[in-house]
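Me: I'd like to go through some labels on this model and ask what stands behind each one. Can you take them one at a time?

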Amino acid sequence: MKVLANDGLSQSGIKALEQGGFEVITTKVAQEQVANYINKHQIDVLLVRSATKVRQDIIDNCPTLKVIGRGGVGMDNIDVAYAREKGLHVINTPASSSESVAELVFAHLFSGARFLHDSNRNMPLDGDTQFNNLKKAYSNGIELRGKTIGIIGFGRIGREVARMALGLGMKVIATDKYVDEATIKVDFYNGQFINVAIETEPIEDVLRHSDFISLHVPAQDDYIIGKAEFDLMKQDVGIINCARGGVIDEVALIDALDEEKVLFAGLDVFEEEPTPAIQVLMNPKVSLTPHIGAATLEAQERIGTELAEQIISLLKTNA
């Protein structure tokens, strides 16, 4: 059986699949050629991350395809319900990248709270001539400890953000349409741990009471955060989006930054990818990364192994 890992696959995943009797192909095929490639090479399994889209045209026109796998959590780039209606297995790796995404959230939080994103732009330019001026400009940072972080979307990644925030001594509040309460286990290096029960709240309360807000929701048809939501927030709030582009109205965000309602934003995802708005990219109050939330070596190893185990279980165990 053949596996096309069109957006790449870790060596651990490739090795596990090959040991399971699969041929793994990591050739990068252009989106418009994916269906032709699958048919020409009699591909059984198509693995993607966020780049490749698996829509009805591929599902309808690739009779050899048995499994579609997404290396990551969200599956908005796959027509999941349609694929399953057609008898295909659709799998993902919801647990593999939670820690990586959560750590990036805090990378953006620390960066924004201490102006690292902007000082790292300006120190190479003016550090040798304007050192004291830059020191003064970046001397009003804030601490995370004791502050309130509001988490919008309390699934696996949102709960991992909560765990890290609790470890930092932050107060955690959360909102989720589908989760009423969750118990967060905070582990320590010596085997000790504490459990913290968090009850979710209406989104309006989270917006009003948070010093920092982090979004962890799937792709939406409309904005979750727009002008009305910014108006509800505290003065000098920090906003982080490492979830999906299009859940924050970027025009309203830039306005809120320019009006000094929002102190800083950290964005890993954008409304228009791979060509984010220049107003977002050039704003000195925005910490930027190019959609790398799950892109750590550890997460990719876990993703590859988890995908391999699921594929072998589906196609070999039941063969």
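Here are the labels, with the reasoning for each; keep in mind that this is a predicted model.

Me: What makes Phe212 and Phe264 an aromatic pair that is tilted?

Reply: By the pairing rule, there are two aromatic pairs. In one of them, Phe212 and Phe264 sit 6.1 Å centre to centre, and ring centres within 6.5 Å count as a pair. Their planes are 45° apart; under 30 degrees would be stacked and over 60 edge-to-face, so this one is tilted. The pair also links distant parts of the chain, with Phe212 in strand S10 and Phe264 in strand S12, 52 residues apart.

Me: Why is Phe212 called buried, and how do you know that Phe264 counts as buried?

Reply: Buried means under 20% relative accessible area. Phe212 has 1%, so it's buried. Phe264 comes in at 2%, so that label holds for Phe264 as well.

Me: Why does Tyr189 count as exposed?

Reply: Its relative accessibility is 83%, and exposed means over 50%, so Tyr189 gets that label. You'll find Tyr189 in the loop between strands S8 and S9. Along with Phe188 and Ile194, Tyr189 makes a nonpolar surface patch of about 400 Å².

Me: And why is Asp236 called partly exposed?

Reply: Asp236 has a relative accessible area of 39%.

Definitions and conventions:
Residues numbered from 1 in each chain as written. Predicted model: local features only at pLDDT ≥ 70, side-chain atom pairs only at ≥ 80, totals over all residues. Heavy atoms only, no water. Buried < 20%, exposed > 50% of the residue type's maximum accessible area, 1.4 Å probe, protein only. Phe/Tyr/Trp six-rings, centres within 6.5 Å; stacked < 30°, edge-to-face > 60°. Helix = DSSP H or I, 4+ residues; strand = E, 2+ residues; numbered from the N terminus. Patch = residues over 30% accessible without salt bridge, like charges linked within 9 Å, V, L, I, M, F, W, Y side chains within 5 Å. Areas by Shrake-Rupley, 256 points an atom, 1.4 Å probe, with all protein chains shown as cover. Salt bridge = Lys/Arg side-chain N within 4 Å of Asp/Glu carboxyl O.
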